[in-house]
Amino acid sequence: MNPIPYGRQSITDEDIRAVVETLRSDFLTQGPEIAAFEDAFAKYVGARYAVAVSNGTAALHLSAMAAGVQSGDNVVVTPTTFTASANCVRYCGGNVAFCDIDKDSYLLDLDKLKQMLAAKPEGYYKGIVPVDFAGYPVHGEKLREIADRYNLWIIEDACHAPGAWFADSKGEKQFAGNGKFAELTCFSFHPVKHITTGEGGMITTDSKSLYEKLILYRTHGISKNPDLLSENHGGWYYEMLELGYNYRLTDFQAALGVSQLKRADAGLKRRQEIAARYNEAFKNISGIITPKVSTDVFHAYHLYVIQVEDRLGLYNHLRKNNIQVQVHYEPVHLQPYYKKSGTQMGNMPVAEDFYRHCLSLPMYPALTDEEQEYVIEKVKEFVI
Ligand SMILES: *Cc1c(COP(=O)(O)O)cnc(C)c1O
């Protein structure tokens with residue numbers, strides 16, 4: 001049996017053809033594939049604007065810049081995430097204020113969030129970075145209500161959740177990143193994510209002014225837009241208006257993204273099937289906690305996370321059997337870098353307890369039924 005990873009890409013001949021065609025074209029970067037990918041992605045999530053960038057971390061960084069994070073700003077972040085969700089605040093000099101997670105959804109606990117916000121003077125917090133952990137979309141409508149009460153912006157980290165949705169109070173589907181609730185939403189196209197461009201990322205928004213900022217920040221803060229220039233010396237003339245970066249995606253990566261996006265829904269369907277089979281296999285095993293998903297949510301299952309008592313034992317057992325399970329995540333507030341700001345063990349009891357028990361089982365569209373059966377058998381062998 002070949003090693004079975006927890007997540008991996010699917011690349012088809014059509015994907016390869018799309019990339020090779022772009023390599024043979026006039027543009028390797030800043031060509032037509034970027035706009036095509038942005039348009040297709042904006043349509044996919046239902047947002048007005050999409051901006052392609054070099055990776056998900058760059059998407060978060062530019063979003064924090066566009067949201068206006070400045071030195072000393074306090075921003076609420078979930079501890080159960082990849083460190084980049086918090087780091088984007090630090091890149092802009094802001095302070096990360098962690099808020100514990102809900103024990104069932106593993107997302108920001110909205111009751112704790114309300115308590116946290118109410119405990120400080122108006123204006124103390126500037127924004128929130130919620131994460132659609134494992135593919136479970138945050139309830140944007142409820143979160144927006146809280147954010148509006150305290151005048152906060154929302155940057156949704158939806159790196160796990162392209163295609164996920166929640167049903168709003170009218171019963172309508174609201175897709176992660178559709179621009180209706182979060183000002184800015186970030187996605188990643190790393191190979192373990194739903195669709196891949198090798199490295200890559202995307203920001204979606206419904207705001208024209210935020211969109212224009214992102215476009216500027218993506219390329220050094222440089223513009224040739226005649227409306228923005230203070231002078232104009234001729235056709236070559238540009239001005240650097242803001243301190244930006246080079247966070248561009250290449251055209252051949254965007255071509256891969258366009259091709260991958262066509263199979264995004266098929267991938268989600270397969271992920272749902274795999275989750276259903278795991279749920280069924282583990283439903284009567286008291287030693288395994290499976291994901292609890294509210295019925296008004298479509299979970300994108302970037303990860304399938306179980307909780308067990310002896311997590312290290314199960315991890316080692318599965319690894320020994322060539323199943324490359326993984327742990328998501330070590331709580332960010334316990335990383336040595338963040339502990340320097342005063343956070344410590346005991347601050348986020350739910351996230352810390354979750355971390356002690358969680359394990360991500362293989363979950364990706366190309367996982368075969370036989371491979372999944374083998375994984376289930378090896379999990380049961382250890383837990384029962
Ligand atoms: C993958 C990921 C990122 C970072 O994306 P990169 O493309 O690897 O930079 C950020 N947040 C979360 C939750 C992620 O899973």
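Predicted model: local features only at pLDDT ≥ 70, side-chain atom pairs only at ≥ 80, totals over all residues.
## A buried Phe

Numbering runs from 1 along each chain as its sequence is written, and side-chain values use heavy atoms, leaving out hydrogens and water.

## Rings that pair up

There are 19 aromatic pairs in the structure. Tyr-49 and Tyr-211 are stacked, because their ring centres are 4.5 Å apart with the planes at 20 degrees (Phe, Tyr and six-membered Trp rings pair with centres within 6.5 Å; planes under 30 degrees apart are stacked, over 60 edge-to-face, the rest tilted). This pair ties together distant parts of the chain, 162 residues apart: Tyr-49 in strand E2 and Tyr-211 in helix H7 (DSSP runs numbered from the N terminus, at least four residues of H or I for helices, at least two of E for strands). Tyr-49 is buried at 18% relative accessibility, while Tyr-211, at 22%, is partly exposed.

Back to Phe-354: Phe-133 is its edge-to-face partner, at 5.7 Å centre to centre and 90 degrees between the planes. Phe-133 sits in the loop between strand E5 and helix H6, 221 residues from Phe-354 in helix H12. Phe-133 is buried too, at 1%.

## A ring cluster

Phe-37, Phe-41, Tyr-44, Phe-187 and Phe-189 come together as one aromatic cluster.

Technical notes: Buried < 20%, exposed > 50% of the residue type's maximum accessible area, 1.4 Å probe, protein only.
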